[in-house]
Amino acid sequence: MRDFAERVAVITGAAGGFGREFAREAARLGMRLALADVDRAALHALVDELRAAGATAFAEEVDVAQDAEVARLAARTWAEYGAAHLLFNNAGVGCGGLVWENGPADWQWVLGVNLMGVAHGVRHFVPRMLAAETGGAPAHIVNTASMAGWVCPPLMGVYTVSKHAVVALSETLHHDLRLAGSRIGVTCLCPAFVPTGIADSERHRPPQAAPPTPTASMRLAQTQLARAVAAGRLSAAEVAQQTFAAIREQRFYVFTHPQALPSVRERVRAALDGEAPADPLAGRPQPGSDTGDR
């Protein structure tokens, strides 16, 4: 997809971080917007901002972990715009700690948003996109994964499992679409640490998924995540620009921080050589150092 003007972009997790910058970039390109998030105030503030700048946009409060709510987003998008050309399955949350200390509430919340949110988006949007493709309408899907979908650092088990699954789902989606004879594009976005709201995602945890009192490892993981995110040198706006470039080029993988790729190579090498898992943090620059991500 190279022509974005008057096309329709659907963005989950739109109220902050990558989602907000995807929305701003899409609006700048003349797209009509369907924006979804659980943060009502921030979501409506963004829609007001974009409308004031001349964009066409609507806000829909959606918990992507709930299939029916994603179905409602798809139905409203087609009712208001008659199409969806660009889908960002972007909503994400995180929690950390020693993996045996994470309880069912942690797993259900993180997998519900990070993995099932993507699955629900695929299920409710792709069939409509395929039908529209027969009439010549282009379409592209961006799934937000992470470098945590490629390496397994300590104290990030639940989040890492969810993002590995998003990478696998995205690759399978690409193959399934080609098997179906479709040219719908797929991009798997794999950023490292970027200053976004991911470190504060606990504030959106629903009451029914409330965890017990955090353990020492959970507190340590939260501290480390907050520091790493705050120290990120690449902005969410720059990631959005990279992502739109990948859409234009029909590029599947987007690794925003190529300096992290040696850890991926070392992981694969260790596996192929029959060794214990490689340390994904070996040689990693300290937060705030010159990591070359600009």
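Two strands count as paired if DSSP finds at least two bridges between them, and strands (E, at least two residues) and helices (H or I, at least four) are DSSP runs numbered from the N terminus.

**View 1. Seven strands make an open sheet.** This is a predicted model, in which local features need pLDDT of at least 70, side-chain atom pairs count only at pLDDT 80 or more, and totals for chains, interfaces and linings use all residues. Residues are numbered from 1 along each chain as its sequence is written, and side-chain values use heavy atoms, without hydrogens and water. Follow the parallel strands in the order S3-S2-S1-S4-S5-S6-S7. S3 (57-61) and S7 (253-255) are the edge strands with a single partner strand each, so one side of each has no neighbour in the sheet.

**View 2. Strand S2 meets S3.** S2 (residues 32-37) runs parallel to S3, joined by five bridges. Look for Ala36, whose bridge partner in S3 is Glu60.

**View 3. Helix H1 packs against helix H7.** The axes of H1 (residues 17-28) and H7 (residues 236-249) lie 8 Å apart at an angle of about 60 degrees; axes are lines fitted to C-alpha atoms, for helices over the stretch in contact, and angles run from 0 to 180 degrees between N-to-C directions. Contact (heavy atoms within 4.5 Å) involves residues including Phe18 and Phe22 of H1 and Val239 and Phe244 of H7.
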